[in-house]
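Have the sequence and the 3D view open, and we'll go through them by question and answer.

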Amino acid sequence: MPEYHVECMRCGARYERDDVVYTCECGGLLDVKYEYSTVDAASITRGGELGVWKYRALLPFEDGILKLKGEGGTLAPVTTREGNTPLYKCERLAEKLGMRELYVKHEGLNPTGSFKDRGMTVGVTKALELKMTRVACASTGNTSASLAIYAARAGIPCFVLLPKGKVALGKVAQAVMHGARVVAIDGNFDDALRIVRELCEELRIYLLNSVNPYRLEGQKTIAFEIAEQLGWRAPDRVVLPVGNAGNISAIYKGFCELRELGILGEVPKMTGIQADGARPIVDAIKEGRAEITPEPQPETIASAIRIGNPVNAPKALRAIRESGGVAEAVTDAEIIEAQKELARLEGIGVEPASAASLAGLKKLLELGVVEKDETVVCVTTGHLLKDPEAVLKACEPPVEVEADADAVRKLLIAHGL
Ligand SMILES: *Cc1c(COP(=O)(O)O)cnc(C)c1O
Ligand SMILES: [Zn+2]
């Protein structure tokens with residue numbers, strides 16, 4: 001297992017592995033750094049079933065921890081078989097967009113229906129290693145659903161803070177069913193995160209929002225799987241929705257590590273998509289600013305990215321700029337159109353935030369920013385069933401007729417079937 005430590009991206013301060021810290025004393029974000037000479041690189045590219053723990057040689061745990069209990073280890077990973085999601089080749093969509101090679105990495109097929117599971121399997125295992133026996137998060141929904149199941153598997157209590165009335169139905173259902181203690185505040189996600197950060201420090205509860213650098217270590221395995229599924233090749237570009245901006249930072253880090261180990265020669269252009277009503281990162285990129293200006297009233301149908309003050313903004317700006325990527329914003333109407341295209345042309349059912357990736361790609365193709373002969377991977381972050389209400393608003397309801405073959409036949413003919 002690798003040697004690693006945690007380091008501030010702003011001032012370089014180092015923290016030890018058993019410190020419970022989320023940000024540096026200077027306020028900077030923390031990165032997990034590995035001593036690459038101690039990484040078993042061959043185990044990364046060795047065949048075998050995909051999944052987060054396949055890449056344990058690049059996960060922040062010591063040897064003994066990851067051996068199963070009874071095999072000389074002290075702790076087993078808290079897992080529900082996360083990762084190993086399909087990378088679909090989308091020929092029909094590619095043809096429509098005039099592209100050569102388009103893929104969708106469907107993270108909605110994780111155990112709870114979003115990529116958050118990759119972060120939580122690592123984050124909750126880390127909580128147990130650090131002897132933190134309670135976990136918490138603020139959430140637009142998916143983080144809470146995911147944390148709830150990992151806490152249930154670990155047998156520890158989980159506390160969740162949500163913006164009242166702003167969370168998609170499927171996500172709340174998961175959190176409450178799996179036994180999270182769910183509190184809804186009269187405020188937005190950014191308020192919820194501020195409050196939960198304060199309470200976690202004060203009450204020594206382990207915070208599992210994406211400001212926690214260990215969570216991002218799990219999420220970076222999206223990059224490892226994309227590269228492996230393409231035959232250890234990097235795509236030219238990865239396009240994904242950006243909310244609190246952890247995932248784009250994590251995937252970028254994953255690709256950089258593969259380059260560091262000599263497994264890949266290049267890193268894809270990281271391309272972040274936000275909704276028009278919540279676009280602080282897009283504006284900072286377009287205006288060449290070093291810092292974002294938070295949006296006090298974020299608004300969009302894509303509730304998973306309805307975030308005005310992304311906590312990982314410095315990491316996301318770094319990922320986009322260093323990789324030669326871009327950022328773009330899309331309207332709710334563009335998001336819904338892309339959601340339908342994924343569903344109807346490719347059979348890929350995603351929640352609105354996830355469709356922002358395709359909507360953004362389409363816009364960037366039109367603008368000529370993305371070339372049609374690039375190999376592009378869109379990451380669809382969450383499953384269609386997460387937000388049934390958004391779907392019912394976007395689609396025609398079923399037609400109703402009496403239970404009579406003639407009546408149904410007439411309808412079929414009217415529909416041209
Ligand atoms: C969490 C989430 C996002 C945003 O990811 P960040 O890491 O916060 O940028 C996008 N889509 C879905 C479905 C999510 O659950
Ligand atoms: Zn610092």
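Q: Which helix gives the most to the lining of the second largest pocket?
A: This is a predicted model, where local features need pLDDT of at least 70, side-chain atom pairs count only at pLDDT 80 or more, and totals for chains, interfaces and linings use all residues. Residues are numbered from 1 along each chain as its sequence is written, chains are lettered from A and ligands numbered from 1 in the order in which they are written, and side-chain values use heavy atoms, with hydrogens and water left out. Helices (H or I, at least four residues) and strands (E, at least two) are DSSP runs numbered from the N terminus. With 8 residues, the top contributor to that lining is α10.

Q: What is the volume of the second largest pocket?
A: On a 1 Å grid over the protein atoms alone, a pocket is an open set of points with protein on both sides within 12 Å along at least five of seven lines, a cavity is a set where a 1.4 Å probe fits but cannot get out, and lining residues have an atom within 4 Å of a point. Points are joined across faces, edges and corners, and a volume is the space filled by probe spheres set on them. For the second largest pocket, that comes to about 380 Å³.

Q: Which residues are closest to the centre of the second largest pocket?
A: Its lining has 21 residues. By class, these are 10 nonpolar (Ala, Val, Leu, Ile, Met, Phe, Trp, Tyr, Cys and Pro), 10 charged (Asp, Glu, Lys and Arg) and 1 polar (the others, Gly among them). Closest to the centre are D31, K33, K253, C256 and R318.

Q: Which element gives the largest share of the lining of the largest pocket?
A: The largest pocket has a volume of about 500 Å³, and G27, N309, P310, V311 and P314 lie nearest its centre. Two elements give two or more residues to its lining: α12 (313–322) and α7 (189–203). The largest share, 5 residues, comes from α7.

Q: How many polar residues are in the lining of the largest cavity?
A: The structure holds 1 cavity of 30 Å³ or more, and about 270 Å³ of space lies in the largest cavity. Among the 27 residues lining it, F115, K116, G243, N244 and A304 are closest to the centre, while α10 gives the most, with 3 residues. Sorted by class, the lining has 10 nonpolar and 3 charged residues, and the polar ones number 14.
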